[in-house]
Amino acid sequence: MQDPFSFVFYNTENFYDTIDDPATLDDDFTPEGRYRWTEKRFRKKIRNISLVLKDVVKPRLPDVVALAEIENLFVLQQLRCHDNLSDVNYRIIHYDSPDERGSDVGLLYNPETFFPEYSEPILVRMAGLEDHTRDILYVCGKLVNGEKVHIFITHFPSRREGTEESEARRLFVAGVLRKNVDKVLKENPKSNIIIMGDFNDEPYDRSVRSVLKARNPHPPFLEHELYNLMYPRKQKGIGTTFHKGWLLFDQIIVSGSMLSSESGMLCRPEDADVFNPRYLLHLDPNIGFSPHRTYGYKYYGGYSDHLPVYLNIRLLEKKK
């Protein structure tokens, strides 16, 4: 039996560099911009995010790290070079998306434990709804025991309080994601699939439950179905972001094959969780705890307005 293999997803809350990109709406994140985003603040952000990644599945560093709200390849390069992550020579998979704010998703991986074979950005074109939105990142690769996994990283469109248009965007992206999951399952119904992302919806909302068809993870597990490993956490009142109460927007969803005793891994619903140590939380006497974020009404110098989620699995010798 191998050491635990870990997947982490983290929405990093506007992880931007300080340089104005004339092709995107990133003006707020410059030294002269609204947020006074200086080199010092950028470097502190790098340190903060790297510290979280160092701690989330300690004593080891994560094998696969999916990140959202990153501006570009440069910020990922700066992050992976931080001393907190020096034990692993992380490599990067990233594509610039057409998002008007320049907000992307990306992947860091340990080249000694994960071996990518193919990757691509899945473009989302929402005619009549929105001209541009973030891509879905697809990565296919093998784990150290030879087991193949299909990884989808997504960041669904943001909510606009109470609007049908906002929900329509998320339903559309969920449909695109489901269509691509079905492509993988059509080729092999026993495929190991893991979806990580900020869905801007909770596990029981329509985009996740009805369109993506991610179930509450109760056995028996069917190999070709999707199971939302964060569903039990939501039922306990645990969340990853805060707006008038805790919301569980950040989720990890797997195919039933990953939960099967026939697979080359030991993956159980209880192996997924929210990482919420005290230093990632801010205490407000009026509302209680919420994520210790970088910005709100002012610069707080914290980590993110989201908490990371993770999945630890045990790899077994691949069955013949």
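The model is predicted.

**Stop 1: a charged surface patch**

Begin by selecting Asp20, Asp21, Asp27, Asp28 and Asp96, which form a negative surface patch. Within this group, centre the view on Asp27, which is located in the loop between strand E1 (4–15) and helix H1 (39–55). Is Asp27 buried, partly exposed or exposed? Its relative accessibility is 44%, so Asp27 counts as partly exposed.

**Stop 2: aromatic rings**

Next, display the aromatic side chains. The model contains 17 aromatic pairs. One of them joins Phe29 and Tyr35, with ring centres 4.9 Å apart and planes at 40°, a tilted arrangement. Phe29 is buried because its relative accessible area is 5%, and Tyr35 also counts as buried, at 18% relative accessibility.

Then select Phe242 and Trp246. The two rings form an edge-to-face pair, 5.6 Å from centre to centre and with 85° between the planes. Here Phe242 has a relative accessibility of 24% and therefore counts as partly exposed. Trp246, with a relative accessible area of 26%, is likewise partly exposed.

**Stop 3: salt bridges**

Side chains of opposite charge can pair when their charged atoms come close. Across the whole structure, a search finds 16 salt bridges. Three of them are visited here.

Select Arg170 and Asp201, which form a salt bridge whose closest N and O atoms are 2.9 Å apart. Which parts of the chain does this pair link? Arg170 belongs to helix H3 (residues 164–187), whereas Asp201 lies in the loop between strand E8 (193–198) and helix H4 (206–211); the partners are 31 residues apart, and the pair links distant parts of the chain. Both residues are buried.

The accessibility of each partner may be considered in turn. Asp182 has a relative accessible area of 35% and is therefore partly exposed. Arg178, at 11% relative accessibility, counts as buried because buried means under 20%.

Now move to Arg268 and Glu270. These residues form a salt bridge in which the closest N and O atoms are 3.9 Å apart. Arg268 has a relative accessible area of 38% and is partly exposed.

**Stop 4**

Most residues other than glycine have a negative phi, and most peptide bonds are trans.

Select Lys58 and Pro59: the peptide bond from Lys58 to Pro59 is cis, with omega near 15°. Pro59 is placed in the loop between H1 and strand E2 (64–70).

Proceed to Pro219 and Pro220, which are joined by a cis peptide bond with omega of about 5°. Where is Pro220 found? Pro220 is in the loop between strand E9 (214–215) and strand E10 (226–228).

**Stop 4: positive phi values**

Select Glu69, found in strand E2. Its phi is near 60°, a positive value in a residue other than glycine. Glu69 counts as buried because its relative accessibility is 13%.

End the tour at Lys213, another residue other than glycine with a positive phi, in this case near 65°. Lys213 is placed in the loop between H4 and E9. With a relative accessible area of 48%, Lys213 is partly exposed, because exposed means over 50%.

Definitions and conventions:
Residues numbered from 1 in each chain as written. Predicted model: local features only at pLDDT ≥ 70, side-chain atom pairs only at ≥ 80, totals over all residues. Heavy atoms only, no water. Patch = residues over 30% accessible without salt bridge, like charges linked within 9 Å, V, L, I, M, F, W, Y side chains within 5 Å. Areas by Shrake-Rupley, 256 points an atom, 1.4 Å probe, with all protein chains shown as cover. Salt bridge = Lys/Arg side-chain N within 4 Å of Asp/Glu carboxyl O. Lys, Arg positive; Asp, Glu negative; His and termini not counted. Charge placed at Lys NZ, Arg CZ, Asp CG, Glu CD. Helix = DSSP H or I, 4+ residues; strand = E, 2+ residues; numbered from the N terminus. Buried < 20%, exposed > 50% of the residue type's maximum accessible area, 1.4 Å probe, protein only. Phe/Tyr/Trp six-rings, centres within 6.5 Å; stacked < 30°, edge-to-face > 60°.
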